[in-house]
Amino acid sequence: MSFPWVRSPRTSRTVALLLAVCAAACAGPDDAASSSAPLRLLSLGDSVPAGDVCGCTAFPDLVADGLAPTGGADVVQRASGGATSTDVDSVLRRLAADEGPRLGAPDVVLLQAGANDLVQQVDLATSTAGAVDTDATIERVVATLAETVDELTATGARVVVLDYWAVGLDGAVARQEYTPAELHDQVALTDAFDDRLAVAVGSEALFVDLRPVFHGPDGTGDPTTLLAADGDHPDAAGHRAIADAVLDVLAGSEGAAGSPGDR
């Protein structure tokens, strides 16, 4: 099935990771025991966590501010435009060797990727007048992200995985650019990816479903006021809404996992 509603890939930002290969080994005993050490937050993924287009404070920084309101947080931004799930995995491995010992182990990791994988596959199918096996593509992307989550949780970090409210355009821009059939196809693709991602990573990481954040609990809300003018990326209000959703999930998990600031 092809999805002609996709006009161009999501301009996201490449992703990378500081996998702290020396989590405890590289930290001194005082650092390991000190609860006053700055919280370290690592942001991985595409243009959404990178904050592209909106010209505002991106949600990873807003999350860090919420977790450490007095400013005691170090944010390592490794999200980048155009990044796919494979990019995240490959840069993760490279940075594990190059920057892990210098940057140290993260306390919290925010990961959002996969939309570019889907868009690129759909664009290819459309341009060649062929059909793309969306199920196979989703399974491949989800499997890659699940492997990345496994590696991240091995560092002892609290990993938060975010899905997408839409893998293409949304709100007023989508209604202008897409036919009703195209919009239906996009919603179906988004739901299929988000649902499988939740199942794949739910036992290893905290999961944030952004569909109710942007579309309301019944899925019928208009997200236009949360989107930038391109209809693809969040605006300042959208980033605030995402950050609040992440903070709610982290707060809800603290009883079982301990405060993300505890070192």
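Two strands count as paired if DSSP finds at least two bridges between them. Strands (E, at least two residues) and helices (H or I, at least four) are DSSP runs, numbered from the N terminus. Because the model is predicted, local features need pLDDT of at least 70 and side-chain atom pairs count only at pLDDT 80 or more, while totals for chains, interfaces and linings use all residues. Residues are numbered from 1 along each chain as its sequence is written, and side-chain values use heavy atoms, with hydrogens and water left out.

The sheet is open and consists of five strands in the order β2-β1-β3-β4-β5, with parallel pairing. Its edges are formed by β2 (73-77) and β5 (206-208); each has a single partner strand, so one side of each lacks a neighbour in the sheet. From one strand to the next, the twist averages 20°; here axes are lines fitted to C-alpha atoms, for helices over the stretch in contact, and angles run from 0 to 180 degrees between N-to-C directions. Five bridges pair β1 and β2 in the parallel sense, and Asp74 in β2 is the bridge partner of Arg40.

Strand β1 (residues 39-45) is also joined to β3 by five bridges, again parallel, and Leu42 stands opposite Val109 in β3. Four bridges link β3 to β4, which run parallel, with Leu111 opposite Val161 in β4. How many residues of strand β3 (residues 108-112) are buried? Five of the five are, so the strand is largely enclosed by the rest of the structure; buried means under 20% relative accessible area, exposed over 50% and partly exposed in between (1.4 Å probe, protein chains only). Val108, Leu110 and Gln112 point one way from β3, whereas Val109 and Leu111 point the other way.

Turning to the helices, α9 lies across β4 and β5 and runs at about 165° to β5, where contact means heavy atoms within 4.5 Å. Helix α4 (residues 85-98) has 14 residues and should span 20 Å at 1.5 Å a residue; its end C-alpha atoms are 20 Å apart, which agrees. That expected span is 1.5 Å times one less than the number of residues. Among the buried residues of α4 are Val88, Val91, Leu92 and Leu95.

The structure also holds two aromatic pairs. Tyr164 and Phe193 form a tilted pair, 6.2 Å centre to centre with 40° between the planes. Rings of Phe, Tyr and Trp (its six-membered ring) pair if their centres lie within 6.5 Å; planes under 30 degrees apart count as stacked, over 60 as edge-to-face and the rest as tilted. Tyr164 sits in the loop between β4 (158-162) and α8 (171-177) and Phe193 in helix α9 (residues 180-201), 29 residues apart. Tyr164 is buried at 0% relative accessibility, and Phe193 is buried with a relative accessible area of 0%. Trp165 and Phe214 make a stacked pair, at 4.2 Å centre to centre and 10° between the planes. Trp165 lies in the loop between β4 and α8 and Phe214 in helix α10 (residues 211-215), so this pair ties together parts 49 residues apart in sequence. Both Trp165 and Phe214 are buried.

Most residues other than glycine have a negative phi. Val53, although not a glycine, has a positive phi of about 80°. Val53 lies in the loop between α2 (47-50) and α3 and is partly exposed at 49% relative accessibility.
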